[in-house]
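Here's a quick briefing for anyone meeting this structure for the first time. Have a look at it, then read on.

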Amino acid sequence: MNKNIVLTLTGHDRVGIVKDITNILVKHGGNVETSRMARLGGEFVMLALVSLADEKLAALEADFQQLQDEGFQITLLQTESDHAKKYAGWLPYQIEVLGADHEGIIYEIAQHLAQQGINIEDVETITAPAPMSGTPLFTMNATVLVPPNLPFHKWSNALDEIGDKLNVTVEVTMVK
């Protein structure tokens, strides 16, 4: 029976690292279901959901030892099977935040969402220089799940107020 495993890996970026990781996974019959990979500050980061036969996990961990010996940090975590049931009926929304970069933007948004009982499913942020001035611009895109009994205007209006306080624009759209 296949299990879903969350694989996290971080370490110094080098040519061929994705090939080496996926080679180990394929060797053990693992399949990458979903993944994100990036170079952050010169370090390679991988986050992946891997489907793997339960009896192959120990051998997979052993084969990752070579990468650990190179200095990579690796964790393998079996996922919970009841996640879909836990959030059944919750409503998906996309939140986009744009503005001049400064400390606390992610925190203020995340704090509000947590206080409302809203689950953050996915979030991506980036800071890039503005085309003309070079001023750092912040962009955040998040997918959230909102409890079905939470009125939209209650949490979204407060999010707009937080955006005003932070001097960023916040747009919320329902995911179809």
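Predicted model: local features only at pLDDT ≥ 70, side-chain atom pairs only at ≥ 80, totals over all residues.

Let's start with K165, which is found in helix α6. Residues are numbered from 1 along each chain as its sequence is written, and side-chain values use heavy atoms, with hydrogens and water left out.

**K165 and its partner**

- K165 counts as exposed because its relative accessibility is 60%; exposed means over 50% relative accessible area, buried means under 20%, and partly exposed is in between, using a 1.4 Å probe and protein chains only.
- The side chain of K165 makes a polar contact with the side chain of E108, at 3.4 Å.
- A polar contact is a pair of N or O atoms within 3.5 Å; within protein, one must be able to donate a hydrogen and the other to accept it, and residues adjacent in sequence count only if both atoms are side-chain atoms.
- K165 and E108 are 57 residues apart along the chain, and their C-alpha atoms are separated by 9.9 Å.

**How α5 meets α6**

- The axes of helix α5 (residues 105-115) and α6 come within 10 Å and cross at roughly 160°; axes are lines fitted to C-alpha atoms, for helices over the stretch in contact, and angles run from 0 to 180 degrees between N-to-C directions.
- On the α5 side, the contact is made by I105, E108, I109, H112 and L113, and on the α6 side by W155, A158, L159, I162, K165 and L166; contact means heavy atoms within 4.5 Å.
- Sorted by type, the residues of this contact of α5 with α6 are eight nonpolar, one polar and two charged; Ala, Val, Leu, Ile, Met, Phe, Trp, Tyr, Cys and Pro count as nonpolar, Asp, Glu, Lys and Arg as charged, and the others, Gly among them, as polar.
- H112 sits in helix α5 and is buried, with a relative accessible area of 5%.
- Leaving aside neighbours within four places in sequence, H112 is in contact with W155, A158, L159 and I162.

**Loops on either side of α6**

- L150 is in the loop between β7 (136-146) and α6, and L150 is buried, with a relative accessible area of 12%.
- Not counting residues up to four places away in sequence, L150 touches Q116, I118 and W155.
- N167 is in the loop between α6 (152-166) and β8 (168-174), and N167 counts as exposed at 63% relative accessibility.
- N167 has a positive phi of about 60°, although it is not a glycine.

**A buried histidine in another loop**

- H28 is found in the loop between α1 (17-27) and β2 (31-40), and H28 is buried, with a relative accessible area of 8%.
- Apart from neighbours within four places in sequence, H28 is in contact with L52, K56, A59, L60 and D63.

**The whole chain**

- The chain has six helices and eight strands.
- Buried residues make up 29% of the 176 residues in the chain.
- Taken along the principal axes, the C-alpha atoms of the chain fill a box of roughly 50 × 45 × 25 Å.

Note on methods: Helix = DSSP H or I, 4+ residues; strand = E, 2+ residues; numbered from the N terminus.
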